[in-house]
Amino acid sequence: MSLSFEHVGFQYRGTSIGVHDINLSLDSGELVALIGPSGSGKTTLLRLTAGLITGHSGRIVLGGRDLSNMPVHERHIGMMFQHYALFPHLTVLENVAYGLKMAGVKTDERRKKSQKMLELVGLGALAARRPAQLSGGQQQRVALARALAYSPQALLLDEPLSALDASIRGQLRDQIRQLQQQFGATTVLVTHDQEEALAMADRIALLDQGRVLQYGTPTELYENPKNEIVARFVGLSTIVEATVCADNRVDTGYATLACDTAGRATGSAVKLLVRPEHVEADPAEGTANRIAGRVTLNRYLGSYNRYDFVPAGGSEPWLGEARVAPAGSIAVAPEHIRLLAD
Ligand SMILES: Nc1ncnc2c1ncn2[C@@H]1O[C@H](COP(=O)(O)OP(=O)(O)OP(=O)(O)O)[C@@H](O)[C@H]1O
């Protein structure tokens, strides 16, 4: 089922805070991550979609049905939130079966389907337990089984992994993605974890102050961020202030670098974006855009090092990644320097 947001706006009563003129369309089976700073409106948009808050302008359309004035239970949407929200007095199986019961599915079929869903999430053997007898990760898998059990037309995930520790988060992330694809569930995922968004999503919408700043594939947001806010939010980067000193040359104060200046006039102030994997450690003499300096901080991360490199004559560090941190110089190829829009 496709899902679209058409000029969706909402303000909390008595404030101008909320979401403003949201336009997004999700193809059937697509997973879209909503990311953005705290308070940017991600959860608000999700709650509007679920019908947990009402009174928005514009339209939210799921598979051709306008959800706007529809009660929660008629929307056919599965939900999974940060806090598992399982019913403590019901068994794991009864929890999964709950949505099916509400949808009027008969007892036998309900049990069969719920057991099958539990097996899919690897918890078939724990059907008779109560939620309190499960780990956090297991509870989230029950919540996922419950959300998918009644074949929802869309799935809404609000920070589903943020209460879990790192190792389980990675596993469950993959499991959610696999099941979401297997069921072809059109999904909106709210996360504050940009790595999670990059790893799981088909497309990402970056929200800021209730508005969509950029909507595109993870690669588009990473490689072609529309502006500095997006660049800083998605992935690691170095952003350097510079001045255009000639056609396709910029001056940072400590180095003159070659890059595509896209016809900007000499004297224009620009900001350069460089991703850490494009910073070369200890390049050969004569390499373009070579900068001398020293590493002021190195982080050993197992398969590589992530370091801060302060250029001679400069004060702001460049962030680089390499198997071996540089001894005294770095370089960045001209095609890997991107000028940011203002
Ligand atoms: N019930 C409410 N009444 C008034 N303002 C609210 C209410 N709920 C949220 N807000 C405000 O609306 C804005 C958007 O909140 P929202 O929860 O959608 O942000 P978010 O992007 O999900 O943030 P976070 O990443 O911190 O969860 C925030 O400024 C928040 O303080």
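In strand β2, Gly18 is the bridge partner of Gln11. This pair belongs to a predicted model, in which local features need pLDDT of at least 70, side-chain atom pairs count only at pLDDT 80 or more, and totals for chains, interfaces and linings use all residues. Residues are numbered from 1 along each chain as its sequence is written.

The Gln11 bridge is part of the pairing of β1 with β2 (residues 18-26), which is antiparallel and has six bridges. Strands here are DSSP runs of E with at least two residues, helices are runs of H or I with at least four, and both are numbered from the N terminus. Two strands count as paired if DSSP finds at least two bridges between them. β1 and β2 make a hairpin with six residues between them, and Gly14 in the turn has a positive phi of about 75 degrees. β1 (residues 3-11) also pairs with β4 (residues 57-62), in the antiparallel sense and over five bridges. There, Gly9 has Ser57 of β4 as its bridge partner.

A further sheet is open and consists of six strands in the order β6-β7-β8-β3-β9-β10, with mixed pairing. β6 (77-81) and β10 (211-216) are at the edges with a single partner strand each, so one side of each has no neighbour in the sheet. On average, neighbouring strands of this sheet are turned by 15 degrees against each other, direction ignored. The axes are lines fitted to C-alpha atoms, for helices over the stretch in contact, and angles run from 0 to 180 degrees between N-to-C directions. Within this order, β3 (residues 31-35) and β9 (residues 203-208) run parallel and are joined by four bridges. Ile35 has Leu206 as its bridge partner in β9.

At least three core residues come from each of domain 1 (3-230) and domain 2 (236-340).

These domain bounds come from an automatic or database domain assignment. Taken over C-alpha atoms, the centres of domain 1 and domain 2 are 39 Å apart.
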